[in-house]
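This briefing is for a reader meeting the structure for the first time.

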Amino acid sequence: MANNHYDAIVVGSGISGGWAAKELTQKGLKVLLLERGRNIEHITDYQNADKEAWDYPHRNRATQEMKAKYPVLSRDYLLEEATLGMWADEQETPYVEEKRFDWFRGYHVGGRSLLWGRQTYRWSQTDFEANAKEGIAVDWPIRYQDVAPWYDYVERFAGISGSKEGLDILPDGEFLPPIPLNCVEEDVARRLKDRFKGTRHLINSRCANITQELPDQDRTRCQFRNKCRLGCPFGGYFSTQSSTLPAAVATGNLTLRPFSIVKEILYDKDKKKARGVEIIDAETNMTYEYTADIIFLNASTLNSTWVLMNSATDVWEGGLGSSSGELGHNVMDHHFRMGATGEVEGFDEFYFKGRRPAGFYIPRFRNIGDEKRKYLRGFGYQGSASRSRWEREIAEMNIGADYKDALTEPGGWTIGMTAFGEMLPYHENRVKLDQNKKDKWGLPVLSMNVELKQNELDMREDMVNDAVEMFEAVGIKNVKPTRGSYAPGMGIHEMGTARMGRDPKSSVLNGNNQVWDAPNVFVTDGACMTSAACVNPSLTYMALTARAADFAVSELKKGNL
Amino acid sequence: MNRRELLRLITVATGISLVGADVAFSLDKAAAAKPDQLFTPEDIRFLDEVAETIIPRTSTPGAKDAEVGAFMAVYAADCYTEDQKKLFHSAISQIEDSSQEKHKKPFLSLTAKEREDVILALDKKARAEQTPTNPQAFTLVKQLTLFGFFTSKIGATEVLVYDEIPGEYETCVPYKKGTPAWGTA
């Protein structure tokens, strides 16, 4: 039994779990990092990292067999030969859709940190204050200044490229040099600033691709191959494998256990705190108990909540943290795929070199200051300009040598962008356990009931109309609105279900990410979010995790946990 | 391009999305057929010649050099639904029938010019009749020819230009008309 006790257990090895493991081990704690899936070793296990389309039998397209095996993934662009096996097995780990919910999960060491979009933006004071000012859901128990030093801290280590812009709505950070805009985007940025008198800005993407070497982490610069999702042999972007995991391993304090499905947190009724976890070995189906002084739950938003719901059910029927009535509720995502495309004239004598893993960003400009749209909150745009290739239509040419020559040349410049919109936290948007359906290991599965409501639907109209208006205002030709379909989950920004708050009666976690009902359990992934803002959330998970880890260790040392 | 960018469906220069690569909101029955049952070596040779008529060898390699016929057979067998497979297969007889009708000869016996006439006529007809949800048989052949050619190693590296490890993103390099596009995105 002696081997089964650790100072801390971290559940999940994705973006936030990797940070928890790094912070806790570096502060001297002996940490057990549990991951439900297989291990993936940095570099050596990136099997497809150097492959191109022609190296795959179907040139990286999904086969009917793949679609049958991954019916959820096949709803969107994610199903491809290159990342096959990097997404959760849908046959082994089903879930119930009371309403359509696209759940894209990475069950392996590193989780979705290997697959993520790498866009990294700070929240602003506006975001932290919004719920309180508008009377929506509950107030965040923290403000921008509580998180700002932790944003600094995680940005410096993760390596975030970006440009300082001095905008209140999108605070600047500790940036490496930005990945550059191309000449068309620079031109559009100038025109946009001029036409909208400095109220709208087209800026460089801020992203977790490094533009300078990080020798301490043995990471080379981004090589502009645009193959991030395959794992980067250069360590060109932040992932658990490239960044936090090696740092945790280097302390000598980390034990990583893959194939470990955490079944429940073991709750000590007398001490009113957790004493450990019970896991199922995914390969052998054997169960094991591990004990620890503190537990960090970083299993990804909905799975962290699943663990809570499955824990301490003899005390609370709805599970650990359910006494508030909010566990599993207030599911959020970012709704998107609304925007515009167009053609840009006057740059045919210019091309670009390199495949950029980023583009441009237009920060939120709606409902700022005194503006009151018919909906609350706002959205930001992500997009890029580039020259089309052989996929384009060529009028009046059909076959033969001239046709081949024409298709071989780059086409004209095109530009496109899509908005990511904030989704409000609604109590009735919830997940729950379905005891009638079981996964491969006999565990109950999640049942999803989430939908967009009028606020989001109204916002979506602006998301399209503003894109068209801006493109037309800056002289882009043949502007077309984009109205893509969206279902909750598709944004892969699941948030909420164990929200932070100021009152145990209306929130699951306090301002330090402690479960009110078990103060030695910390939830610091997307489950903790009290509102969603409109910016990509991962950077905030990193900052909140580092902050909570610092607090946890100091409390532990004081004997308070 | 990053993965969060606008979802760009591949239109493959035929006016409609690449059939078989479209995002599926409903699940089609899994394909059980084996490639070798679907396409004979003769079929593949035939498809190679059709593809070569669309993308001929010039000063650079053409469709046959890139073995586009064999790729089409694999893609159609594994990525198409049963209905799409039937439709694709019917293009072979359609081309053959058209050849007999116009020139009283099998397609493979036609001169390069005669082949162009046959394929051009079919291409124009398919373009006129197709809709995004109702692709024509020939459209499938043309899509897979273009997709198969430009994503092949020969197409992407010897016809287009391949830069394996760019190292930098250069935002604004001079472009001279006639220079090939980048082979990968």
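## Overall form of chain A

A compact globule of 561 residues would have a radius of gyration near 24 Å, and the 23 Å of chain A agrees with that. The model is a predicted one. Chain A contains 10 helices and 20 strands.

**Size and packing**

- Taken along the principal axes, the C-alpha atoms of chain A fill a box of roughly 75 × 55 × 50 Å.
- Of the 561 residues in chain A, 56% count as buried.
- Among contacts in chain A with a separation of 6 or more, 71% are between residues 24 or more positions apart.

**Two domains in chain A**

- Domain 1 of chain A is made up of the segments 1-48, 83-161, 207-326 and 490-560.
- Domain 2 of chain A is made up of 167-205, 334-422 and 452-487.
- The C-alpha centres of domain 1 and domain 2 of chain A are 32 Å apart.
- Where the domains of chain A touch, 35 residues of domain 1 are in contact with 32 residues of domain 2.
- On the domain 1 side of this contact, the elements of chain A that give two or more residues are α3 (125-134), α4 (144-158) and β4 (160-161).
- The element that gives the most to that side is α4(A), with 4 residues.
- Sorted by class, the side of domain 1 of chain A that touches domain 2 has 15 nonpolar, 11 polar and 9 charged residues.

**An open sheet in chain A**

- An open sheet of 3 strands in chain A has the order β3-β17-β16, with mixed pairing.
- Its edge strands are β3 (96-97) and β16 (430-438) of chain A, each of which pairs on one side only.
- Strand β17 (residues 444-449) of chain A runs antiparallel to β16(A), and 6 bridges join the two.
- Within this pairing, Lys432(A) has Ser447(A) in β17(A) as its bridge partner.
- In general, the strands of a sheet pair through backbone hydrogen bonds, either parallel or antiparallel.

**Pro537 of chain A**

- Pro537(A) sits in the loop between β20 (518-523) and α10 (538-557) of chain A.
- Pro537(A) counts as buried because 27 other C-beta atoms lie within 10 Å, where the cut-off is 20 or more.
- Leaving out residues up to four places away in sequence, Pro537(A) touches His493(A), Met495(A), Gly526(A) and Met529(A).
- His334(A) is 203 residues from Pro537(A) in sequence, yet their C-alpha atoms are 9.5 Å apart in space.

**Contact between chains A and B**

- This contact involves 68 residues of chain A and 62 residues of chain B.
- On the chain B side, two or more residues each come from α2 (41-54), α3 (68-79), α5 (112-129), α6 (137-150), α7 (153-159) and β1 (170-174) of chain B.
- The residues on the side of chain B that touches chain A divide into 37 nonpolar, 13 polar and 12 charged.
- Strand pairing also links the chains: β12 (residues 350-353) of chain A is joined to β1(B) by 3 bridges, and the two strands run antiparallel.
- In this pairing, Tyr351(A) stands opposite Val173(B) of β1(B).

How values were computed: Residues are numbered from 1 along each chain as its sequence is written. Chains are lettered from A and ligands numbered from 1 in the order in which they are written. This is a predicted model: local features need pLDDT of at least 70, side-chain atom pairs count only at pLDDT 80 or more; totals for chains, interfaces and linings use all residues. Two residues are in contact if their C-beta atoms, placed from the backbone, lie within 7 Å. Ala, Val, Leu, Ile, Met, Phe, Trp, Tyr, Cys and Pro count as nonpolar, Asp, Glu, Lys and Arg as charged, and the others, Gly among them, as polar. Two strands pair if DSSP finds at least two bridges between them. The radius of gyration is taken over C-alpha atoms; the globule rule is 2.2 Å times the number of residues to the power 0.38. A residue is buried if 20 or more other C-beta atoms lie within 10 Å of its own, exposed if 12 or fewer, and partly exposed in between; C-beta atoms are placed from the backbone. Domain bounds come from an automatic or database domain assignment.
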